[in-house]
Amino acid sequence: MNLSVSFSTYATVVILIFSGSIIYSIGSSNTSDFHALLEFKAKITHDPLSVMSSWNDTIHFCQWHGVTCNARQGRVAVLKLNSLNLAGSISPSIGNLSFLKELNLRNNYFSDEIPQEITHLKSLEKLLLTNNSICGRIPTTISNCSSLIEFDLGLNQIEGDIPMDIGKLSKLQYLQVFTNKLTGNIPYSVGNLSNLDALSLADNKLVGKVPETIGQLQKLFFLSFGTNRLSGSIPLSFFNLSSIVTLDISENQFEGNFPSDLGISFPSIKYFVVANNSFTGKFPSTLSNASNLVELEMTVNKLTGTVPSLEKLSKLKSLSLTRNHLGTGGEADDLSFLYSLTNITSLELLAINDNNFGGILPETISNFSTELKMLSVAQNQLLGTIPSRIGNLVNLQNFDVSVNQLSGVIPYDIGRLQNLGELGFEINKFCGHLPPSLGNLTKLVKLYARANNFVGKIPATLGTFKYMAYLDLSQNNLSGSIPPQLLSLSSLSIHLDLSENNLTGTLPMEVGNLKSLGRFSVSGNKLSGEIPSTLGSCSSIEALDMRGNIFQGHIPASLSNLKALQFLDLSHNNLSGEVPEFLSRLLLLVYLNLSYNNFEGVVPSKGVFRNMSVASIEGNNKICGGTPELHLPTCVTIPPKKSVLGLRLKFLVAIIISTLWGVILVLFILPLCVSKFRQKKRRVSSTLNFSAEKMLD
């Protein structure tokens, strides 16, 4: 009995001691987390939302903002402080949160390096540091975080190599280090990440070839190497990635041909982006079988041949084949594939410009999806006309058929494209009048119409453009006067070119409204009258070309306000007067041509006039002086005899003035003398009369 009691007592004591040690251990661990969090807080230097104010001892740290503890041990499991505008550095104390599974500091302003202590976190599954200002290197021992599933360092300033040991993170599913300053090669150990779903190394400075081992990542559905300095051919193993949905290897130095079975190798592909490389060979025809394709971007390569029918690509939104060598040129029907696009209702972008496509521009393009926002066939060898029903594409924002051999008139229906922001039909053989319906395109920002055969007047309706910044109507046969409404477009900020036409009349005073315009040309017309003084209000203008007209009169003094002017050509006009000295004070002026006018007098010798390789003033017969390079006659000084004549003139004036003063004095004194003489005469007469009277008495 006593033995039983003794055993019971002993057991109770043991349990109490054991329980106490557990409680002490938990308390000690909690204290460790508490202090680690406080040290983390101490490194925060900016907290505009005061989210860290809850981090104090008035409440348990598991209730602090962004902190989540696990239920069993009461230890910190999640630290989630994303998108709070926090700034500072990551405290090394983070490595003491030994139960931490997720660290999310995305979209803040953290800086400095990732502390090496972070590699102590063997339970860490998510390390999310995207969009901060973190610098330094990826910790070389990052493989110690053996539980890591998501590793996201995108949009920082991380530099150096990708550690070779990264291939030991066998559980890793997402590896994203895009938009950093990483250098070196892609480590072949990446091929060991057999669970990887997404790999983004885009926008770094990586070099070398893509390792063959990439082909081992059979679960990979997202792969981006874009905007690096990678080179060589794509390894064949690469095309074994049958799960790929998004592939972006654009803006590198890759070369070689695509395999003929490309569209079969990637049955799930949606986004195929290989732009800005040096790929050669035929357009991969099997891509027409990739029925899930949403975006096909092959811009700026060296692909050749024809484009197959794409009718199976029913989900296609964007097709860009710009700047390749596709097509056969001449009159071949290279655009037959466009017929297959008419049933793709999702199509928003079609760009096949800068190729070698020939044949007739098909009328069927007006039957494309009304969702189409961009249509560019520029810089090919296309014939035909703009379809008369082009106005069906009501959501079109960019329409460019420039630099082809298209002819005919611009259809009036083009005025229905009221969402257009950019319209180009320059360097073709279009003729007829510019349709007044262009004035309906009130959202237009850029209009390229140069080098055609347009005739007639510039439509006054062009003055309705509210957002026009770039307008080029040069090298046509337009006639009549410049509509004042056109020069009232204060939105014109980049370029206005009306040169090489047959425009007549004066330059309207409304030109002064173009206060934001950068380049203005009316050269090669028949404009006359004086240069309007209001031109001096165009304070942003950098290039002004008015050569080859019939302008007359002086250069207005108001042009001295054009402080941004770099290029000025007033040659081949009938301008007269002196060469303005203020032109030498335009500090940015690097080209000046005043030749073949009627200027006279002294040529300035400072500023732009010092360098006759950038200033021309020949063909003005009454000018003199300037720098010796001009070989102009010396300006004649005032001869001495003119000075003698001046002295004689001054002497003569003095004599005349003296004579006048003399006459004035005579005229003033003579009456006084006469008056005194008369008074004296009266006194004598009175005296004689008095004496006579006395004698008579």
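Me: Hi! How many helices and strands does the secondary structure of the protein chain come to?
Reply: Three helices and 47 strands. Helices (H or I, at least four residues) and strands (E, at least two) are DSSP runs, numbered from the N terminus. This is a predicted model, where local features need pLDDT of at least 70 and side-chain atom pairs count only at pLDDT 80 or more, while totals for chains, interfaces and linings use all residues. Residues are numbered from 1 along each chain as its sequence is written, and side-chain values use heavy atoms, with hydrogens and water left out.

Me: Thanks! What share of the protein chain is buried?
Reply: Buried residues are 48% of the 697 residues. Buried means under 20% relative accessible area, exposed over 50%, and partly exposed in between (1.4 Å probe, protein chains only).

Me: Now a sheet. What is the strand order in the open sheet of four strands?
Reply: The order is β1-β4-β6-β8, and the pairing is mixed. Two strands pair if DSSP finds at least two bridges between them.

Me: Which are the edge strands?
Reply: β1 (44-46) and β8 (133-135), each of which pairs on one side only. From one strand to the next, the twist averages 20°; axes for such angles are lines fitted to C-alpha atoms, for helices over the stretch in contact, and angles run from 0 to 180 degrees between N-to-C directions.

Me: And how do β1 and β4 run, parallel or antiparallel?
Reply: Antiparallel, with two bridges joining them. Isoleucine 44 stands opposite glycine 88 in β4.

Me: Switching to loops: where is serine 83?
Reply: Serine 83 is in the loop between β3 (76-80) and β4 (87-89). Its phi is near 55°, a positive value in a residue other than glycine.

Me: Why does serine 83 count as partly exposed?
Reply: Because its relative accessibility is 40%.

Me: Which loop holds asparagine 107?
Reply: The one between β5 (102-104) and β6 (109-113). Asparagine 107 is not a glycine, yet it has a positive phi of about 55°. Asparagine 107 is partly exposed, because its relative accessible area is 34%.

Me: Last one, serine 560. What does it touch?
Reply: Phe582 and Leu586, not counting residues up to four places away in sequence. Contact means heavy atoms within 4.5 Å. Serine 560 belongs to the loop between β41 (550-553) and β42 (567-569).

Me: What lies 2.8 Å from a polar atom of its side chain?
Reply: The backbone oxygen of alanine 557.

Note on methods: Polar contact = N/O pair within 3.5 Å; in protein donor to acceptor, adjacent residues only side chain to side chain.
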